[in-house]
Amino acid sequence: MNKETLTITDNRTGKQYEIPVEDGTIRAMDLRQIKTSDDDFGLMSYDPAFTNTASCKSRITFIDGDKGILRYRGYPIEQLAERSTYLEVAYLILHGELPAAAEFEEWTWEITHHTLIHEQIKKFMDGVRYDAHPMGLLIGTVGALSTFYPEAKNIFDAEKRSKQVHRLIAKMPTIAAFAYRHSVGMPYAYPDNDLSYTGNFLNMMFKTTEVKYKPDPVLERALDVLFILHADHEQNCSTSAMRGIGSSQADPYSAVAGAAAALYGPLHGGANEAVLRMLNEISSKANVPAYIKRVKEGEVRLMGFGHRVYKNYDPRARIIKQIADQVFAVTGSNPVLEIALELERIALEDEYFVSRKLYPNVDFYSGIIYQAMGFPVDMFPVLFAIPRTSGWMAQWVEMLNDPDQKIARPRQIYLGYEEREYKP
Ligand code: SDX
């Protein structure tokens, strides 16, 4: 029977080592015994950007990049998108099981009754320029929230921890909407507890002088499905930031602020905004071939394409494309859609993209829908951060409860100067 081990021969010394293989991995620390002399530090693994390094053991989200599979706690994303709601999926991601009716009722009550933010937070938000990018304002405001809830530092008190989970999931839409209203010079629209999670968010975003905002049910449902699709995605850049900051035992507001900062980058959650800017720059279907040429010459990237894990069509992009038709039936089509479809058509048959396994990812079509729904382009990364908050919180809690985990502190390969004498 084959043993679950590796036998390594160090050709520098002729020594052999047997290293256990567990869950398809070896423990990097098992390499340290491989030395050329007693005072040798021992071998390390070098993995810039962690392209082949498992940072943790997790039971939350499973992705098979080759097969284009995405499951939250074992449930296929296609079934959740079709039959669940964002709040139910957030409960599933955090608790590991779908809620029973009574559990879901309590969960929904908790989230609904934590949507208000302290009135002083408005002063903090009013302090930034009117044209501040809402994502920058969201990051700053979430960080500032930590000063309103000092009890959040008791991260090993499960009761206090779950209260911060409720507060963050509930308050992200409020902060996001307030950031938008600030940027367009509109008065803040307060939460309406009669509405659903996404219905209330649309209310806080777009309510004007009417006494009670009535969200369009098709757009409300479309946004809810988009939130389900963005809820978690295993160890992506922003979740790794959440886990890294959380590993020093910082409070969850500071960790979420850092995770949102990582998400803001155009290679990550900022890609949905970059896609729209790219489509507007291309401006017509006729200009697509010229843009593709610039991509193939390495001058620009095809934003919304490619993924570190998916080497097949991102299953979320496929679902988002289906939602587009439902939204456009209400809002009218988005003229940039035909540019996006032409980009996809050419890219899926062009050797440059096929050989690099570049397919549309979650960000390629989401922005087109957001724009048709009336969201300005700079709100798009914020629309990613809102739903991802439940994933960040679930991964954070899992990290705190994992006996394998401690403060994250990688090593390095030092290539700098050897010791040298200081001369004034
Ligand atoms: C998200 O990790 C997650 O799960 C993230 C996310 C989540 O839910 O949390 O799924 C959300 O961030 C989706 C990705 C959104 N980003 C973009 O759409 C930006 C454009 N995409 C790329 O920058 C890129 O594809 C990444 C960042 C997504 C992935 O980068 P990798 O895995 O580091 O791949 P790479 O940069 O090493 O590229 C491999 C090759 C290179 O070509 P060669 O050097 O081999 O010639 O593919 C090329 C790259 O130049 N390439 C692209 C490309 N993406 C990769 N060429 C043109 N356009 C692109 N979009």
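Is the crossing of helix 4 and helix 6 left-handed or right-handed? In this predicted model, the crossing of these two helices is right-handed. Helix 4 spans residues 119-126, and helix 6 spans residues 158-183. The axes of helix 4 and helix 6 lie 11 Å apart and form an angle of about 45 degrees. On the side of helix 4, the contact involves K122, M125 and D126; on the side of helix 6, I175, F178, A179 and H182 take part. By class, the residues of this contact comprise four nonpolar, one polar and two charged.

Helix 6 also packs against helix 10, which covers residues 252-263. The axes of helix 6 and helix 10 come within 11 Å and cross at roughly 40 degrees, which makes helix 6 oblique to helix 10. The crossing of helix 6 and helix 10 is right-handed. Here Q164, R167, L168 and M172 of helix 6 meet P252, Y253 and V256 of helix 10. The residues of this second contact divide into five nonpolar, one polar and one charged.

The domain assignment of the protein gives domain 1, residues 5-45, and domain 2, residues 110-404. A distance of 43 Å separates the C-alpha centres of domain 1 and domain 2.

Strand pairing begins with strand 1, residues 5-10, and strand 2, residues 15-20. These two strands pair in the antiparallel sense over six bridges. Within this pairing, T7 has E18 of strand 2 as its bridge partner. Four residues lie between the strands of this hairpin, and G14 takes a positive phi near 80 degrees.

A further set of three strands forms an open sheet in the order 3-4-5, with antiparallel pairing. Strand 3 (61-64) and strand 5 (75-76) stand at the edges of this sheet. Each of these edge strands has a single partner strand, so one side of each is left without a neighbour in the sheet. Strand 4, residues 69-72, is joined to strand 3 by four bridges, and the two run antiparallel. The bridge partner of F62 in strand 4 is R71.

Terms used. Residues are numbered from 1 along each chain as its sequence is written. This is a predicted model: local features need pLDDT of at least 70, side-chain atom pairs count only at pLDDT 80 or more; totals for chains, interfaces and linings use all residues. Side-chain values use heavy atoms; hydrogens and water are left out. Axes are lines fitted to C-alpha atoms, for helices over the stretch in contact, and angles run from 0 to 180 degrees between N-to-C directions. Angles under 35 degrees count as roughly parallel, over 145 as roughly antiparallel, 65 to 115 as roughly perpendicular and the rest as oblique. A crossing is left-handed if the near helix is turned anticlockwise from the far one by less than a right angle, and right-handed if clockwise. Contact means heavy atoms within 4.5 Å. Ala, Val, Leu, Ile, Met, Phe, Trp, Tyr, Cys and Pro count as nonpolar, Asp, Glu, Lys and Arg as charged, and the others, Gly among them, as polar. Two strands pair if DSSP finds at least two bridges between them. Domain bounds come from an automatic or database domain assignment.
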